[in-house]
Amino acid sequence: MFGVYLHIPFCSSKCDYCAFATWTDRHHLTEAYLDALTIEIARAVEAGLPTADTIFVGGGTPTLVPADLLAAVIATIPRTPDAEVTVECNPDDVTVEMLRSFVDGGVNRVSIGVQSMSAHVLEALGRTHDRDNVARAVDAARSVELPTFNLDVIYGAAGESVADWEATIDGVLALDPPHVSAYGLTVEAGTALAAQPARHPDDDDQADKYEAAESRLTAAGLANYEVSNWAKPGHESRHNFIYWRQQNYRGFGCAAHSHQDGRRWWNVRTPDRYIDLVAAARPVEASFEQLDVDQRRAEGQQLTLRTRDGVARSAFDPETLELVGEMVASHPTDPDRVVLTPAGRLMANEISVRLRD
Ligand SMILES: C[S@@+](CC[C@H](N)C(=O)[O-])C[C@H]1O[C@@H](n2cnc3c(N)ncnc32)[C@H](O)[C@@H]1O
Ligand code: SF4
């Protein structure tokens with residue numbers, strides 16, 4: 001499996017919890033940036049870019065750039081006939097015409113950034129949409145017959161009660177999504193949120209919310225397949241699995257990350273620099289790291305432990321398995337493997353540091 005990621009670094013406003021490489025004052029670069037992406041992709045194709053099994057267009061806010069131009073860029077990426085092609089969408093931007101352009105470019109999945117269905121939580125997160133925008137975006141996705149879509153939600157914002165969160169999950173489920181990603185709000189270094197400890201999420205509160213999400217999503221027929229991801233059967237994101245199974249992927253655009261056989265690299269961070277380097281036909285790689293065999297194995301186990309594949313039972317010492325107790329269970333079909341239980345998923349990081357070296 002081979003994946004392609006395209007980064008779109010523009011946003012209309014900066015959410016104070018977000019550490020992604022995005023800018024609110026560079027919209028004038030849009031066309032030059034899309035041209036640079038097209039050129040970088042064409043050069044990679046010429047140099048033998050593998051055929052993509054999945055393409056993911058993320059950001060930033062891909063729905064801020066003209067949809068027909070973005071679709072034209074996506075259309076230049078060689079892909080298998082049944083490739084999964086996802087675009088991340090902000091609900092307030094989505095229109096039927098936009099999604100039609102995406103479909104014309106081969107897009108067959110959208111990931112909609114819902115975050116919350118509660119007005120005061122959306123305000124606390126600094127979001128510009130409301131729940132009606134979300135319902136309209138989902139209607140639009142259905143009207144263009146997209147075969148699948150995801151809704152992203154975040155739990156743990158300041159002022160969000162457990163009841164608010166339950167109402168968010170229920171509101172999301174009322175839209176009958178095939179896939180939901182629920183992320184605990186993370187305090188990222190360097191963000192405005194990091195400088196305001198009073199607004200930082202509480203671990204116990206987030207654990208209660210995780211359990212509420214797990215029980216409601218599971219009851220609605222969405223099975224957990226990675227700590228933060230639930231899907232109806234057959235609607236799991238294939239792109240996600242490329243990352244978790246340490247397969248190869250190529251990122252295009254500023255700040256995009258790539259991986260090939262243990263070598264990881266990332267592009268220069270700003271769109272300005274990226275455009276200039278592409279125009280000068282110079283490499284856009286900012287830096288790289290080479291993982292050795294042991295690092296790759298350890299990282300691979302940490303990633304797969306977070307998924308429903310779990311790890312070989314032998315990846316833990318017997319004493320560790322005893323210690324983690326009901327936080328792990330036998331894999332449902334493979335007795336030689338273990339998977340995290342819902343209680344274990346809450347402690348995934350703590351458990352993964354106990355994997356054998
Ligand atoms: C980088 S955003 C891009 C998508 C789109 N611009 C949006 O915000 O909806 C992708 C997803 O990352 C998640 N995310 C971003 N920052 C986060 C944080 N600090 N903690 C938890 N989730 C976060 C959000 O759920 C968001 O939908
Ligand atoms: S969370 Fe999404 S909309 Fe907000 S700044 Fe980050 S990328 Fe932009």
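## Basis of the model

The structure is a predicted model, in which local features require pLDDT of at least 70, side-chain atom pairs count only at pLDDT 80 or more, and totals for chains, interfaces and linings use all residues. Residues are numbered from 1 along each chain as its sequence is written, chains are lettered from A and ligands numbered from 1 in the order in which they are written, and side-chain values use heavy atoms, with hydrogens and water left out.

Two bridges connect strand E13 with strand E15 (residues 337-340), and the two run antiparallel; strands (E, at least two residues) are DSSP runs numbered from the N terminus. Val311 has Val338 of E15 as its bridge partner.

These strands belong to an open sheet of three, ordered E13-E15-E14 with antiparallel pairing, where pairing requires that DSSP find at least two bridges between two strands. Strands E13 (311-312) and E14 (328-330) form the edges, each pairing on one side only.

Among the 17 residues around ligand 1, the nearest are Gly60, Gln115, Arg127, Asp152 and Thr186; a residue is near if one of its heavy atoms lies within 4 Å.

Polar contacts are pairs of N or O atoms within 3.5 Å. A polar side-chain atom of Asp152 is 2.6 Å from an oxygen atom of ligand 1, and a side-chain N or O atom of Arg127 lies 2.9 Å from an oxygen atom of the ligand. At Thr186, a polar backbone atom is 2.9 Å from a nitrogen atom of ligand 1. Strands E4 (109-115), E5 (148-155) and E6 (179-184) each give two or more residues to this shell.

Technical notes. Helices (H or I, at least four residues) and strands (E, at least two) are DSSP runs, numbered from the N terminus. A polar contact is a pair of N or O atoms within 3.5 Å; within protein, one must be able to donate a hydrogen and the other to accept it, and residues adjacent in sequence count only if both atoms are side-chain atoms.
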